[in-house]
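Biologist: Thanks for joining me. Shall we go through this model by question and answer?

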Amino acid sequence: MVLCVSLILFLVSLPAFLAKEVGHASVVVDGTVAIAHIDNNFVCATLDWWNHEKCDYNHCPWGSASVLNLNLSHPLLAKSIQAFNQLRIRIGGSLQDQVLYGVGDLKYPCHPFRKQKGGLFGFSTGCLPMSRWDELNHFFSKTRPLITFSLNALSGRHHKGAGVWVGDWDSRNAYDFINYTVSKGYQINSWELGNELCGKGVGASVGAEQYGKDLIKLKHIVNQLYNDSHINPAIVGPGGFFDQKWFATLLQVSGSGVVDVVTQHIYNLGPGVDPNLMQKILDPSYLDQISGTFDSLAATVRHHGPWASIWVGESGGAYNSGGFNVSNTFVNSFWYLDQLGMSATYNTAVYCRQSLVGGHYGLLNRTSFVPNPDYYSALLWHRLMGESVLKVDRNGAPHLRVYAHCSKGSAGITVLLINLSNQTDFIVDVKNVLDDRSRSTGKGSKFSHGLKRTVSWVGLKASDGPLHRKEYHLTPKDGNLRSKIMALNGVPLEITKDGNIPELEPVIVPVNSPISITSFSIKFVVLPHFEAPACG
């Protein structure tokens with residue numbers, strides 16, 4: 001009977017087994033010069049203002065994840081941030097342009113947000129008490145993040161109609177808030193003005209010329225209040241969806257040196273309720289579509305604001321709190337890591353994930369703070385991928401996405417492989433462009449050039465023994481793409497018994513052994529002996 005059952009199970013699985021294919025991919029990495037650069041703290045996450053009343057598609061996934069009531073005493077929240085050794089955090093979101101600051105001559109009661117019919121996004125104004133701001137900064141002093149605080153940009157304006165807001169920005173409350181922050185010695189890395197008010201806006205919009213004038217005003221405030229400080233926070237804006245004409249006008253009006261960082265928001269997967277959300281994530285042609293936006297913004301900044309860097313100030317993939325049982329599962333890491341890789345090639349210096357906690361797209365579970373799969377994807381990127389972005393040429397295997405950077409904190413390069421295919425495992429031949437050039441010019445044999453490469457990176461002492469590479473292979477637990485548990489080299493990533501973030505240990509592989517990646521999986525490959533002059 002047991003033999004019979006085993007035979008049936010074998011026969012049932014045989015078609016799937018036979019359907020598996022092995023593809024061969026050739027990847028050429030050019031390490032002679034960097035094509036782009038990112039910030040050392042490229043990975044960023046957001047804290048939002050949404051409260052438990054924020055609901056989308058019959059789900060209310062925010063709970064107590066608001067800036068106003070997030071449980072700052074939970075040890076796992078602190079440990080999750082500390083694991084990055086300075087995670088960049090942006091405090092902002094849709095409700096920020098209705099936030100009052102409970103300081104100075106505030107003429108309104110300092111109450112939290114509540115549902116309000118006819119209010120912007122269906123909510124009333126809300127208030128940040130300075131007691132809560134003190135608590136947040138006490139938490140930040142222990143966890144050491146780099147903070148971007150995004151200010152209310154609608155203060156003082158009036159609604160003209162059709163979502164358009166006009167009038168000068170009333171900066172008095174923001175001035176008092178920044179002044180309080182400086183007086184307490186709180187460390188703010190950058191100040192941003194407004195959320196999604198550019199172009200046609202989301203819920204509300206402000207003209208580009210007016211916005212440019214308001215950013216000049218913010219720059220003056222920051223310069224004045226930080227005049228006696230060793231801290232020089234950056235000015236960030238506009239924090240919204242890219243509109244070429246609007247962004248160009250903003251930079252022209254504000255002028256040289258006012259806007260230090262130009263921020264755009266990305267939600268290229270559409271609404272979280274889309275039944276085709278997973279198919280979009282796994283479709284390489286769909287993922288490619290957003291590249292035009294990155295390219296256009298980069299060109300706009302080069303032409304109109306070459307002094308400014310570019311950030312993705314907020315991106316959750318799917319908007320309206322993300323996709324239920326998609327955005328917090330393994331499959332979302334295909335989109336997320338592809339976004340990190342793609343955006344970096346267009347000189348995006350920072351990429352802020354919506355959110356650290358809250359919604360379906362939170363990097364952490366909103367009640368237990370246990371990391372979701374994308375948290376570990378972010379952490380590995382942060383630890384492995386350096387600031388210099390390298391050019392990659394690959395053969396026609398569209399489901400295999402490949403990105404390469406100089407390694408972070410060590411010699412050589414790190415290659416990110418993303419296999420979107422459900423039926424093809426790939427053997428990947430990673431080549432050095434220097435090898436191709438030496439062959440085309442006839443200078444030296446492949447063996448002699450490989451030897452030079454080994455000596456130049458490893459040195460005489462290290463070359464006495466076998467050479468190795470490190471691999472970090474990410475797969476979903478039990479092969480379920482919607483699993484909330486990610487496996488690293490076959491080992492599920494789970495909080496340790498003593499309540500800590502697990503160690504992310506690689507497997508050590510002989511450098512000359514084939515590089516492979518199974519279907520529906522992700523792999524970071526660290527090549528410490530790869531000759532890359534750009535990484536010197």
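**A helix, the fold and the cysteines**

Biologist: Which exposed residues are carried by the face of α4 turned away from its buried side?

Modeller: Exposed stands for over 50% relative accessible area and buried for under 20%, with partly exposed in between (1.4 Å probe, protein chains only). Helices here are DSSP runs of H or I with at least four residues, strands are E runs of at least two, and both are numbered from the N terminus. On the face of α4 turned away from its buried side, the exposed residues are Arg172 and Ser183.

Biologist: Before we go on, what pLDDT do local features need?

Modeller: Residues are numbered from 1 along each chain as its sequence is written, and side-chain values use heavy atoms, with hydrogens and water left out. This is a predicted model: totals for chains, interfaces and linings use all residues, side-chain atom pairs count only at pLDDT 80 or more, and local features need pLDDT of at least 70.

Biologist: Why do the buried residues of α4 line one face of the helix?

Modeller: The buried set in α4 is Asn173, Ala174, Phe177, Ile178, Tyr180 and Thr181. The arc is taken over the directions from the helix axis to the C-beta atoms. Looking down the axis of α4, the buried residues line one face because they fall within an arc of 155 degrees.

Biologist: How far does α4 reach from its first C-alpha to its last?

Modeller: α4 covers residues 172-183, twelve residues. The expected span of a helix is 1.5 Å times one less than its number of residues. For α4 that expectation is 16 Å, and the reach is close to it, at 16 Å.

Biologist: Which elements do the buried residues of α4 pack against?

Modeller: Contact means heavy atoms within 4.5 Å. The partners of the α4 buried residues include the strands β5 (99-102), β6 (126-129), β7 (146-151) and β10 (190-193). The helices on that list are α3 (130-143) and α5 (208-225).

Biologist: What radius of gyration does the protein have?

Modeller: The radius is taken over C-alpha atoms, and the globule rule is 2.2 Å times the number of residues to the power 0.38. The C-alpha trace spans about 75 × 65 × 45 Å along its principal axes. With 536 residues, a compact globule would be near 24 Å, which agrees with the protein's 25 Å.

Biologist: Among contacts between residues at least 6 apart in sequence, what percentage join residues at least 24 apart?

Modeller: The chain holds 13 helices and 26 strands, and 56% of its residues count as buried. For those contacts, the share is 77%.

Biologist: How many disulfides does the structure hold, and in which pattern?

Modeller: A disulfide is a covalent bond between the sulfur atoms of two cysteines. In this model, the criterion is a pair of cysteine sulfur atoms within 2.5 Å. The structure holds four, and with bonded cysteines counted along the chain they follow the pattern 1-6, 2-3, 4-5, 7-8.

Biologist: How many residues apart are cysteine 44 and cysteine 352?

Modeller: A disulfide joins cysteine 44 to cysteine 352, S to S 2.1 Å. The pair links distant parts of the chain, with cysteine 44 in β3 (residues 43-47), cysteine 352 in β16 (residues 348-353), and a separation of 308 residues. Both cysteine 44 and cysteine 352 are buried. The number you asked for is 308.

Biologist: Is the link of cysteine 110 and cysteine 127 right-handed or left-handed?

Modeller: The sulfur atoms of cysteine 110 and cysteine 127 lie 2.0 Å apart. Cysteine 110 is partly exposed at 31% relative accessible area, while cysteine 127 is buried at 2%. With -85 degrees about the S-S bond, this link is left-handed.

Biologist: Where is valine 428, and which residues is it in contact with beyond four places in sequence?

Modeller: Valine 428 lies in strand β20 (residues 424-432) and counts as buried at 4% relative accessibility. Its C-alpha is separated by 4.8 Å from that of alanine 25, 403 residues apart along the chain. Leaving aside neighbours within four places, valine 428 is in contact with Ala25, Val27, Leu400, Leu417, Ile515 and Ile517.
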